[in-house]
Amino acid sequence: MREKKMAREADLLLAWYGANGRELPWRVRGGAHPDPYAVWVSEIMLQQTTVKTVLDYFPRWMERFPTLKSLAESTLDDVLKQWQGLGYYARARKMHECARHVMTFCGGVFPRERAKLLKLPGIGPYTASSLCAFAFDLPETVVDGNVIRVLARYRGVTEAVDREKIYPLAAALTPPVSGADYASAIMDLGATVCRASSPLCGECPWRENCVARREGLQEKIPVLKKLEKKKKAGAVFVLENGEGELFIRRRPGRGLLAGLWELPWSDDGAFPFAAEWREMPQQVRHVFTHFDLELKFFRCESPFPGEFTSGGVFVPDDRLKEYAFSTLMKKVLKKLGR
Ligand code: SF4
C-alpha cells in the first residue's frame, strides 16, 4: 500500500515534469545525459551559484574546455581565469585536479559507482549522487535546497531541517527507475512551483496530500538551520613602484581563494611590514560563506622591503587583465580605478 502510494507520487511528479520541466543546457530528458563531463561541470558550478548565473558561464566554459581531456591539459591559470566571477575558487582548482586524476587513473571516464566517484578530488556526496542520477540515470536520491523545501512542506516538517534530515524522506520517495528525470522533476518543482515565497500550490502535482498546504503552513516551512556568521574588519595594502605599477602576488595553492592573484590583504587589519601607511578613502565589503569582510585601504608611502615584494610582481594597469583575480580583488581594483 505504502509502496503504491509512493509510486503514485513519483508518477504524478514525472507526469508534471513531462509537461512543465525546465529546459537547461546541461540536461536531457528521458534518460542518462550522453556527456557526464557536462553534468559534472554544471553540478559544480551550481553549488553556491544561481541557475541564472550558470546559464551565462556554462556555455562559455564548454566552449573553452569542451572535454575532460581539454580541461586536464589546460593550466590552472587558464581554469581560474575562466572561473573568474563565480566565486568559491576551490571548486575550480578541484575540477582541474579531478580532470587530471580521471584522465590519468580512470581512463578519462567518470566511474558509474557512487563509492568510486566519492574518491575523486572535489566530489562530495551531493555531486556523486547528482552524477549517478543525471549522467547515469541511476535511482539516486539528490537533495538540494529546492528538494529540502518541497519535502519539508509536503511532509509538514515544522522543526529546523537540513540535507541530512530530509534525506530519508527523499530516499523513500525516489523511484527505482527514471533516476535522471525524477531528480530533475523534484528540483524543478521547488524552483518553479513550490517557491520560497508564494508557492503556486494550485499548480502542484502533490497538492492533494501536501501537509503544509492542508494546514496553511507554506510560508512557515521550511525552518532552516541558521549559520552563525562572523564579521571581520580587514585591510588591503596598495604598493606602487616608481612607474605606477601595482604590486600583486599569488595566493598559496590551498585554502581560501587558492591560486588566485591579489593585492596583499589581511582579514584582521594586521599590516604586512612596518612602514608609513596612509589610509585611503576607499572601502570594500564582501561576503564569504563563513564570514562577512570589510576592507579598509592603505597605501605604502615609504620604501618597501625587497624580501616582501620578491614574493610577487609589479604590473602596469593594462596588463592586470592577464591575471586571475577573485571577485573580492576585482572589487578592490575597481575601487582603485584600475
Ligand atoms: S502543495 Fe504547495 S506547499 Fe505543498 S509541495 Fe506543492 S507547492 Fe509546495
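Arg249 stands opposite Glu262 in β5. The model is predicted; local features require pLDDT of at least 70, side-chain atom pairs count only at pLDDT 80 or more, and totals for chains, interfaces and linings use all residues. Residues are numbered from 1 along each chain as its sequence is written. Strands are DSSP runs of E with at least two residues, helices are runs of H or I with at least four residues, and both are numbered from the N terminus.

β5 belongs to an open sheet of 3 strands. The order is β5-β4-β9, with antiparallel pairing. Two strands pair if DSSP finds at least two bridges between them. Strands of a sheet pair through backbone hydrogen bonds, either parallel or antiparallel. β5 (261-262) and β9 (312-315) are the edge strands, each pairing on one side only. Strand β4 covers residues 246-250 and is joined to β5 by 2 bridges. Arg250 has Trp261 of β5 as its bridge partner. β4 and β9 also run antiparallel, joined by 4 bridges. Here Ile248 has Val313 of β9 as its bridge partner.

The protein has 14 helices and 9 strands. Its C-alpha trace spans about 80 × 50 × 30 Å along the principal axes. Of the 338 residues, 32% are buried. A residue is buried if 20 or more other C-beta atoms lie within 10 Å of its own, exposed if 12 or fewer, and partly exposed in between, with C-beta atoms placed from the backbone. Contacts were also sorted by sequence separation. Among those between residues at least 6 apart in sequence, 69% join residues at least 24 apart. Two residues are in contact if their C-beta atoms, placed from the backbone, lie within 7 Å.

The domain assignment gives domain 1 (2-141 + 163-194) and domain 2 (230-335). Such bounds come from an automatic or database domain assignment. The centres of the two domains, taken over C-alpha atoms, are 35 Å apart. In the contact between them, 10 residues of domain 1 meet 8 residues of domain 2. On the domain 1 side, α5 (76-83) and α6 (90-105) each supply at least two residues. α5 gives the most, with 4 residues. By class, this side of domain 1 has 4 nonpolar, 3 polar and 3 charged residues. Ala, Val, Leu, Ile, Met, Phe, Trp, Tyr, Cys and Pro count as nonpolar; Asp, Glu, Lys and Arg count as charged; the others, Gly among them, are polar.

The largest nonpolar core holds 82 residues. A nonpolar core is a set of buried Ala, Val, Leu, Ile, Met, Phe, Trp, Tyr and Cys residues joined through C-beta atoms within 7 Å. Leu131, Val147, Ala183, Ile186, Val236 and Phe237 touch the most other members. Helix α2 (residues 36-46) gives the most to this core, with 8 residues. Domain 1 and domain 2 both give residues to this core, so it lies between them. Leaving aside residues up to four places away in sequence, Val147 touches Val142, Ile166, Ala170, Ile186, Met187 and Gly190.
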